Structure formats: structure tokens, C-alpha cells
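Hi,

Here is the structure I said I would pass on. Have a look at it first, and then read on for what turned up.

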Amino acid sequence: MSNDAYTHIISTYFAPRGRSRMYSLGMQIAQQYLSPFDNLIGIIGEAGSGKSALIKGMFPGLELTNDDDGVNVRPLPLLEIDSFHGFFTPHTYHIDIRFETGFTQMSVLADAITEAIHREKRVVVEHFDLIAPFLRQRANLLIGVGEEIVITRPTIFGPDPQEIVNMAYKSAPYRLMAHTAEDLCELFMPEEDLNRCMHGDVRHGFTLQFPERKPDFDILEVERGVNEMIAQAIPVAYYDESHMRIGDTIHVCTGPRTHVSNTSQIKGFRLLPHFVYDRSIKSYLMIGVVGEDSESYLSRLDRSLLE
């Protein structure tokens, strides 16, 4: 094992909410962390966290066996590896353990993964934590997707999959709350500003970035409108790959699966009451946060921005 595997403990990135940003981050992770000799890639994260988009970014062209559109590949290619012969056999296989255990025993799935690796194939395993106890080897690369994306190369000293589960699952609700609150804010913004804004991330929150020119809408009015929608407990749902549904409203969204299911699930939504100018990107930022400690967190953030 290389020294890099022992010295690289953990890397973290904000988990972007838009599909294109997740694709781009997946490409970046592949370039920086993926080795041609990695045969077992473990992915951990809840449904709707963006695992599929991350995998598609890391492995362009890989056929996901249980994709977001509900297209389930049958028979499962990993279980049919003996049927492939010759030059055109696949090199990389995908499997969603949570889904496949509804059809196949865990021990059979573990044996199929082991056999593929023995044949020098690569296997990308979603919900790796479920199959890990049945395997005789660690993942070469282990990735957790929550509010942040955690990347590690496990050694005999850890981290183990359960540690990554604890990190990813604990932070995931903040990401869902923040993304939904971000989309609700857009409903109260002038169309001109909505069309020109960009999206960014902060811990337990989001930024909306407006290039060059400061918007003239009232941030406190936006906050008041969003909190009214939160109090009304409005259903939120996936509509299609480019839209979400908020009550009866169809809203454009590039990450329509990454939301809470009801506005009432958003806790502690707050907006910084003034725009912040970021000289590095020449943009004015509207900053929103969620969570039970949002008020104190926003105050600390505001003080740090003024220093």
C-alpha cells in the first residue's frame, strides 16, 4: 500500500445541491483521489443525497443498475459476470446494496463482488456499510454523502464504514432543509435577480450570489415570506429532473430530489439581514442558514465577515 493511503485521513467538501455542480465535483474527486488500481469503491448516504449524480460524475458512462428514474437493470450484471467473455467485457460494475437485498441474499452479493475484484474488475457499491461486514476486504476509496462529502482511504486503523455513516447521516437533514429553504427564497425574489443569481454553500446553509450589482429587494421580506410558508406546512415533492413541486407550484430546480417532504420540517430558518460583497467573485451574497442554532451561528458568521 502506498504512503499516500496511510497519510490521507479524510477530505471534505460541501455537497452541492444542483445536479451539474455534483457532476463537476464527482469529476474533481475522480481526478484527485481515484487510482487505476482501486477495485472497490464504497458510497454511503441516504436516498436523495446525490450519490447517483456523484457516481455519474466520477464514472461517466457507467450504467447504474437502479437509477433515479426507477429503471432497474435485470439481470444484475454483477451476478452475470460469468456470462461475459472476450475483449468487450465490462471493467466497472455498479450495485445498490439496499435495493438488491430485496431480491438477493447478502452473502451472494458479497461473493459476486469478491469474484469481480478477483477478476480485476472495479465495483462501485452504494450503501457500502450494509455489505461491509460480509466482505473480506476494505474499500479502496470510501465516500460519504451528507451535508458534506467525506472522502477517505481506509486502512487497518480506520475509519470504518460506520464512522462514515455517522458523519453522513447526521448532517444530511441540514442539507435537505437548506436546499428547500433556498428554493423557497427564490419564490420571493424578482425574476430579474432570480435569473442572474448563482448558488453556493455554507455550513448548515446556502448562499445566493448576485454578480456585480446589488439586488434591491428586501431580505427581511423574503425571510418573512419563507417563514410563513414553513408555518403553513406545505408539501414538497419531486416533479421531474428539472423541477420540484411546492404545494401547487412547479419550481425550476436542478436537484429536485434533495429536499424535505414538507416545509414544516425546516427548522430555524434565518437570513442575514444584509447583502455581503465578496470581492473574490465580484458578487453580492444573500446568506441563509437553518437548524436549531441558526441565530447564534448567523451572528458569529456576521461578525467574522465584518472583521
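Does His251 count as buried or exposed? With a relative accessibility of 7%, His251 counts as buried, because the cut-off for that is under 20%. Bear in mind that this is a predicted model. His251 sits in strand S11, which covers residues 249–252. Setting aside residues up to four places away in sequence, His251 touches Asp183, Glu186, Leu187, Ser242, His243, Met244 and Ile246.

Now the overall picture. The protein has 10 helices and 14 strands. Its radius of gyration is 21 Å, close to the 19 Å that the globule rule gives for 307 residues, so the protein is as compact as a globular protein of that length. Along the principal axes, the C-alpha atoms fill a box of roughly 65 × 45 × 35 Å. Of the 307 residues, 50% count as buried. If you take the contacts with a separation of 6 or more, 69% of them are between residues 24 or more positions apart.

Next, the inside. The largest nonpolar core has 29 residues, and the ones touching the most other members are Cys185, Ile266, Phe269 and Met286. Helices H7 (161–186) and H9 (219–231) each supply at least two residues of this core, as do strands S8 (205–211), S10 (243–246) and S14 (283–289). A second, separate core holds 26 residues, including Leu40, Ala112, Ile117 and Val150. Going back to Met286, its contacts beyond four places in sequence include Cys185, Met189, Phe206, Leu271 and Phe275.

Some backbone details are worth a look too:

- The peptide bond from Gly158 to Pro159 is cis, with omega near -5 degrees. Pro159 is in the loop between strand S6 (148–152) and H7.
- Glu120 has a positive phi, near 65 degrees, though it is not a glycine. You will find Glu120 in the loop between helix H5 (106–118) and strand S4 (122–126), and at 63% relative accessibility it counts as exposed.
- Lys282 also has a positive phi without being a glycine, near 50 degrees. Lys282 is in the loop between strand S13 (276–278) and S14, and at 46% relative accessibility it counts as partly exposed.

Cheers

Key. Residues numbered from 1 in each chain as written. Predicted model: local features only at pLDDT ≥ 70, side-chain atom pairs only at ≥ 80, totals over all residues. Heavy atoms only, no water. Helix = DSSP H or I, 4+ residues; strand = E, 2+ residues; numbered from the N terminus. Rg over C-alpha atoms; globule rule 2.2 N^0.38 Å. Buried < 20%, exposed > 50% of the residue type's maximum accessible area, 1.4 Å probe, protein only. Contact = heavy atoms within 4.5 Å. Core = buried A, V, L, I, M, F, W, Y, C linked by side-chain atoms within 4.5 Å.
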